[in-house]
Amino acid sequence: MRYAMIIDTLKCVGCSDCVVACQTENDVPIGYCRDWITETVNGAYPNLELELKSERCNHCDNAPCVRCCPTGASHIVDGGIVMVTHDECIGCGACIESCPYDARYQHPDGYVDKCTFCHHRLEKGQLPACVSVCPTKCMYFGDLDNPNSEVSQLLKNRKHKTLAPEAGTDPHVFYLI
Amino acid sequence: MTTSRRKFIKISAIGLGGVAATTSALSMFGANSYLDDLVKQNVSKKFKRTATYCEVCFWKCAGWAHTDEDGEIKKIIGNDDDPHCNGRLCPRGTGGVGMYNDEDRLKTPLIRTTVNGEETFRKASWEEALDLIASKFKGFKDTYGAESVALFKHGSPGSHLEHLFKAFGSDTIAEPAYAQCRGPRETGFGLTFGSWIGSPEPTDIRDTKCLVLIGSHIGENMHNSQVQEMSDAIDNGATIITVDPRLSTAASKSEHWLAIKPATDIALLLSWMNVIIEEGLYNKKYVEKYGLGFDQLEAHVKQFTPEWAYGITTIEPKEIRKTARIMAAAAPSVIIHPGRHVTWYGDDSQRGRAIAMLNGLLGSWGNRGGFYFKESLKVPEFPHPEYPEPKWGWKEIGKKYPYAEMGITTELVQATIPSENNEYPIKAWLVAGTNLVNTLPQREKTLEAIEAVEFMVVIDTMPMEITGYADVVLPECTYLERYDDIRSMTNRIPSIAVRVPVVEPKYDSKPAWWISKEIGERLGLHDYFNYNDFEEVIDWQLHELGTSLEEMKKIGVKTFDRKSGPLFLEEGQDHYFYTPSGKIEFYSQQLADKGFDPMPVYTAHPEPPQGFYRLNYGRSPMHTFSRTINNPNLNALKSENTLWVNPKVARMMSLKTNQEVWLKNQDDIISTFSIKVRVTERVRWDSIYMYHGFGHNNKELTRAFGKGISDTELISKIAMDPLMGGTGLRGNFVAILTENPHKNTEI
Amino acid sequence: MQEELFTSGRNIPHIDPFLQIWHWPISLYLFLGGLAAGILFFAALFYVLGKEKEYPAAVKFASIIPPIALSTGLLALVYDLTHKLYTWQLYTTFRIESPMSWGAWVLLIVTPLSFLWLFSFYAEIYPKTEEKLQLLKKFKFLATFEQFLKTNRLYIAYALIPLTLVLGVYTGILLSAFNARPLWNNAILGPLFLTSGLSTGAAAIILMAKTKQEKHLFGKIDLGLIIVELALIVHMIMGYYAGSQVQLEAMQLLVGGDFTLMFFGFVVLLGLIIPASLELIELIGFKVPVIVPAMLVIIGGLIFRFVMVEAGQLTRFLY
Ligand SMILES: Nc1nc2c(c(=O)[nH]1)N[C@H]1C(S)=C(S)[C@@H](COP(=O)(O)OP(=O)(O)OC[C@H]3O[C@@H](n4cnc5c(=O)[nH]c(N)nc54)[C@H](O)[C@@H]3O)O[C@H]1N2
Ligand SMILES: Nc1nc2c(c(=O)[nH]1)N[C@H]1C(S)=C(S)[C@@H](COP(=O)(O)OP(=O)(O)OC[C@H]3O[C@@H](n4cnc5c(=O)[nH]c(N)nc54)[C@H](O)[C@@H]3O)O[C@H]1N2
Ligand code: SF4
Ligand code: SF4
Ligand code: SF4
Ligand code: SF4
Ligand code: SF4
Ligand SMILES: [Mo]
């Protein structure tokens, strides 16, 4: 089992529904977020390209945040999901410094928090909250180890990219372009 | 400066000790407990769900509000069976819980009073506030007639109050969703196809082969199922053509983005028709069978060649031809989208008509991938006596505009301002669910009317600008705390949805149905409100529809089979269009008879003078107008608007991203607040762009106050649509000020 | 034109618009760790070399600093943790890939050793205090313990030499292990911080030294270390030059940006070049109050940690 998320930038409208849904699903305190939207504009009027995408922890295979964690609070669970055990986290911030995507934040309660791929929902057989609300249905989630899954098929058939591959983290959130 | 009688009061700012103390104590307490709750690990997942439909905009998506064991609303999720949302709410709907949690909400009835020469609000009991309103309304009825009491409304509270007003004898009713919004397209399509577009738009976007968006910025305009279907269309390989002077999100998803010069769309539409007719690309069978006046149209558009349009629109003739051919190739599975907020330049009904005619030429009306025949379920009215016949009402007030089919807000405003030849003097206002100050153009005029009106009641959930001018403020509870009408709107299939209170009303707030009933009872209109609880009304109606409240509480949404026939025309089928001729009217005799152009023509509109830029505005996908700016969840996503400025302009004026600037419009109106510059290629060099709804100036909106600029404030010039009274808003020009113009004045 | 922005209003405290997760306590901690490592390294080295008598400041007197520095450093570290009540979780595991874990464990060993080292010299360094307190007389076990330490001092010294080197290198590796911060991400930072730590250690010894001979020797050592340090800094900057776009941008912070004055003015000039010149002048035979270059080196070392921690967090991969 290797979970992955795919976001189709050709369809994402940057509405931030995924951000609010994560907020309410995961009780992310106001002013913090586990996911966010970036907008990139290239070119000169009227020859322009606009890319909107929803970003979050990439659940990297080669996760520096896990490696640098002194307590083991950051760890990888089944399906390649990078998790943080709140009661083991001392809030040293090393993982935050180590993440090239700035995907983690210090929760006001002190521990470090970030996207969990909605692990608690997956356990119940539900899709991550962000994926389940996206009005453009541009987000996909599934198992890369299964060659017939929607995500495997999309990666096979569509042009895609990951963020900052040069950071060498082997991200598992993919963007269709 | 004249001192205004109806001085704007910042609620509780100078309130009586008691009011001030309770509100601030409550707001502090509210804020903290809200944050604390959010901070708690959401481990308990034993949620209860309650059926509701969303009130954050007017798409009214049905959803489930989830509450935890403590009765806290944790999240709101779309109802899978709802054709308006297909189980997915938009960001605003998902963030709707913030409407309930907002600790700045109105908390008690307030009555305007004078203490030591200072106007202020005092806290009042419902009893006192309602008695006051009823006695005032009676007084106006006795002196000037019930017609002199006007209702401005929008959204769900509207229908309850409309019922009260009609029972009371007033049809002096208007909402901004007409003359500031959809009105012109309804007229344009009505004149052509004999049918309104209505809401939701009956556009078969998911099955279309070609979607043409003219200024309609779906994706930023988050009307839910449209956004969903546009995405389906992308998946299905549909061609999207977007006409917009700005690189909208939709434009960025389009194969063809026509970066049109603002205010010239009619020229483009005429030249498209020219190409389609000249090249014989129109749907000949369809036009022959259903159309009327094609020959006149052919003759009319002959002159409007792409070369002609090029000079006006700056869109190259080959682009115009190419896109026309793409549409024709896709026809009849093509949608030239009617748009929604279409009050732009005053000739908007005619632009709406041009869009309708183009659709007519391509045969998309009544065809798959074009426009479907919508259907809704008629919800029977709860029994009540006939409404009395008012002597005059919105119709008479707007009679200058022969095609007005709803009240024109700005005409009601005008009728409130005393003048000698005012046939329909309005003396009192009840405003429910519309923030007129940030909604109507020509704010000065709105304020003049507010100053003149003798009595004004505002029913709102939030201390919005409009509440500050009221004599009585009534706090409505949010949609999550009340029953409302059964939602029955048009769609592919008829459906109904219910709104059931998820939690008890917070603070001392009440639902609009209760407020209407209580005022009604005090006005001796008991027979119109023959129930104790609105629940009874809904239950009765649901039984009439063959279901029950009990069932609806469990399912939230019920869909029904169509009764009006198939969604689309069958090959060669006869069809009656509700126009005078029963046909699609390319040439409109009724327009000609009334002295209007029977077919649209292009007229040039004013352009920005030297040093000025056209004020363009639109929707932020995470907000609804001014109503959500203070919503804690949505404010966190976008707390202020920015001023989009083309890099050329920025270079000329040495503007930097994030620099604070002020705006001054052609009438020397200066923005109250500053706005941060966003230097971006997404906007033309002759325009600036900003999201609508920001720049709140009521300090009670703690998150929203002073954040960004209100576009409304700068819209002092309007272009009236002579057909239906729409207020064209896009003809205002602004200069950018880099120095604080308020340096020496206090805001 | 390229434009890149967050459209969902991301403004997370201490993360946006740039990281401010590690604050002054971390800089202080890195500095104090380096300083303590430097002093203890020299103490142990000179003890092993049997130079205890000739260089009493290095071996004995300066040893008062490391226990204080390390304790303060640890306090500072814990102070900057945001989930402090769980600090003990550091010691439930050892994570071989985590510099933070290394640091925690090394400190756990070095800090007590530094106390033991100091205690073993207690009676010698502070005879007057002992006369007053009579600790060793009053508490028999303390006396036994002191005796035990004295006989085993050499073993402590042998242990301290590698441990202090690890500690010194660790203060640099803690930063350089972070790929995600282009300014930190270079192999030089470990040796550089070690050298800097040794150099501040030497400077501290100079301050504590009473004899000309000791001052001179450590002046020379310090001079040598400063030269190495300067070379490493040049090397580091060349490394950024040769590096990727993000590293080039990171370097800009030091070379032509917000931190240029701090870095070149305070760290390189005032903290390295001037004290080196002064020490050189002194060595040649001119009269220079050695306290001046020594203090400059120490302050320069402190500022250096501040600059690297602060500036490093400004540099990033994306956005
Ligand atoms: N400058 C400018 N003006 C515009 C537009 C524009 O784009 N620019 N757009 C136009 C268009 S398309 C439209 S449709 C109109 C919309 O105009 P409005 O409907 O006036 O929009 P809002 O500003 O959201 O104001 C809604 C009011 O209802 C209150 N409210 C929200 N929920 C409830 C409720 O449940 N009960 C009660 N009683 N009150 C509630 C809110 O607090 C707020 O005061 O504006 C038009 N005016
Ligand atoms: N998120 C969100 N969604 C909403 C709402 C909301 O408040 N928030 N409100 C809802 C309501 S009530 C309405 S009416 C709709 C309105 O939604 P639309 O009907 O889509 O909005 P408009 O304001 O007509 O269109 C705005 C676009 O028109 C472009 N434009 C400006 N001038 C011109 C011009 O001269 N020619 C052309 N071709 N384009 C031009 C602007 O650049 C902008 O991209 O949105 C609905 N959806
Ligand atoms: S909800 Fe979907 S469309 Fe909206 S921003 Fe997120 S990924 Fe994009
Ligand atoms: S994105 Fe960052 S936090 Fe997530 S696994 Fe990768 S390095 Fe760790
Ligand atoms: S902050 Fe917590 S999760 Fe992150 S590295 Fe430190 S202990 Fe591990
Ligand atoms: S997967 Fe879950 S935790 Fe991660 S961003 Fe989406 S909603 Fe948030
Ligand atoms: S479109 Fe969004 S805001 Fe409007 S009703 Fe639906 S969910 Fe609510
Ligand atoms: Mo609207």
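**Exercise 1.** Is C:Ile274 buried, partly exposed or exposed, and what is its relative accessible area?

*Solution.* This is a predicted model, in which local features need pLDDT of at least 70, side-chain atom pairs count only at pLDDT 80 or more, and totals for chains, interfaces and linings use all residues. Residues are numbered from 1 along each chain as its sequence is written, chains are lettered from A and ligands numbered from 1 in the order in which they are written, and side-chain values use heavy atoms, with hydrogens and water left out. Begin with the scale: buried means under 20% relative accessible area, exposed over 50%, and partly exposed in between (1.4 Å probe, protein chains only). With a relative accessible area of 30%, C:Ile274 is partly exposed.

**Exercise 2.** Describe the salt bridge between B:Asp131 and B:Arg522.

*Solution.* First, recall that a salt bridge is a side-chain nitrogen of Lys or Arg within 4 Å of a carboxyl oxygen of Asp or Glu. Here the two side chains meet at 2.6 Å, N to O. Finally, B:Asp131 counts as partly exposed at 37% relative accessibility, whereas B:Arg522 counts as buried at 17%.

**Exercise 3.** Find the network of salt bridges to which B:Glu220 and B:Arg682 belong.

*Solution.* Start from the pair itself, whose side chains meet at 3.9 Å, N to O. Then widen the view: the network links A:Glu39, B:Glu220, B:Arg246, B:Arg678, B:Arg682 and C:Glu3.
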